[in-house]
Amino acid sequence: MLLLNPGRPGRDAYLRLPTYLAVASLLSPALGYQELSDPSLRRIPGGGSDFDITTGSLLAPILVPRVPGSAGSAAVQHHFVDFFRQQLPEWTIEWQNSTSKTPATGDQEIPFHNLILRREPPWAKRGDVGYLTLAAHYDSLFEPVGFIGAIDSAAPCAMLMHVARSIEGGLARKWAAMEEAGDGGLGLEEERGVQILLLDGEEAWVTWTATDSIYGSRALAAHWDTDVYPESSEHRSPIEAIKLFLLIDLLGSPDPTVPSYFRPTHWFYQQMAKVERRMRKLNLLASKPEGVFLPDSGEEPEKPYMGYIADDHVPFMVRGVPILHIIPTPFPKLWHTMDDNGEHLDPAAVDDWAKILTAFAAEWMELDGHLPSAHDAEDTIEHTEL
Ligand SMILES: [Zn+2]
């Protein structure tokens, strides 16, 4: 992704923003959202050794070069699919594929494969579900050769895998209880689901331009805009079914500062910041940032009204989708250098982000009272081992 200066191509998109924002801002506060109680927050698991950079079952397999169309990219795709097939069979797996030429590869058509993982109430029809949409890109830079991209965005992808497995128990319990009570599918409230987008082709192959960047998300957003649901559906298209597009990027370095970028989703930003503050107070997070993100001093977090970052959210944003972009400003110093590798990740930051994102997703899906305890988790493990 690229921080744009005024006058760069993305500036036009920035200037067009207010129309979309005005529409979106009417929506966000009206959405249901339920804060987790302290006991529920304590149930939010960390990734622990699964985020180990050499042996971790979630993160280690992603810490390889993942240039679109390469063997490394295919291996990482298998890793994602195997994880969801084996550990989260209730989640549907969908690919959205496209090809494009790039300025670095001449006439060759490079394949881009976006992976969409989705979970919705068992009774719900696709077109009736509004989705919390969690996104990160999994491709890595074409050059420098051997570039890993640990914060960009291997670690964020691993965090989203962790979110999925950590909310699955709560979702299953909540929906089973609703079905038992006869509440499922009555249309009493909006149907809510979660989808995770692992996007390909975010990086520019030569230099960031409108056509040499975000290949995967441009293709996906265009497809979802025209792929309309049946007329009787609650939503017109998959684009309209995105209730919040939460894009994470460049996470995993120590002491990030993540400002709020968009007014329509500022309320969600504040909720996520509140999750972080509460988890710190409960001593549930390991990192000890100094005066960043949300200092606990009564001091307000930085909230610039200006500033615009071109990334995978843009093709969705210009279609009116509410965006919450969780990306540090300034970018970590090792951004797009060979130093962006596993060794330079801050394990505490990786795990803390995974917890914060999990808790936010659990609040958005209103899972308070439904999250399994650590004790339940042990029971499950014992059960599966039998
Ligand atoms: Zn990058």
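Is Glu203 buried or exposed? In this predicted model, Glu203 is buried, with a relative accessible area of 2%. Glu203 is also one of the residues that coordinate the zinc ion. The points below describe the chain as a whole, the zinc site and the nonpolar core.

**The chain as a whole**
- The protein chain contains nine helices and eight strands.
- Of its 386 residues, 55% count as buried.
- Among contacts with a separation of 6 or more, 78% are made by residues 24 or more positions apart.
- The protein chain exposes about 16,500 Å², and carbon and sulfur atoms supply 53% of that area.

**The zinc site**
- Asp152 lies in helix H4, whereas Glu203 lies in the loop between strand S5 (191-199) and helix H5 (215-226), so the pair ties together parts that are 51 residues apart in sequence.
- Asp152 is buried, with a relative accessible area of 0%.

**The nonpolar core**
- The largest nonpolar core has 96 residues, and Phe316 and Phe360 are those with the most contacts inside it.
- Helix H4 (residues 150-180) contributes the largest share of this core, 15 residues.
- Beyond its neighbours within four places in sequence, Phe316 is in contact with residues including Leu197, Leu220, Trp224, Ile239, Phe245 and Ile323.
- The contacts of Phe316 also include Ser217, Ala221, Ile242 and Val321.

Note on methods. Residues numbered from 1 in each chain as written. Predicted model: local features only at pLDDT ≥ 70, side-chain atom pairs only at ≥ 80, totals over all residues. Heavy atoms only, no water. Core = buried A, V, L, I, M, F, W, Y, C linked by side-chain atoms within 4.5 Å. Buried < 20%, exposed > 50% of the residue type's maximum accessible area, 1.4 Å probe, protein only. Helix = DSSP H or I, 4+ residues; strand = E, 2+ residues; numbered from the N terminus. Contact = heavy atoms within 4.5 Å. Donors = N, O, S within 2.8 Å, 3.2 Å for Na, K, Ca; no water. Areas by Shrake-Rupley, 256 points an atom, 1.4 Å probe, with all protein chains shown as cover.
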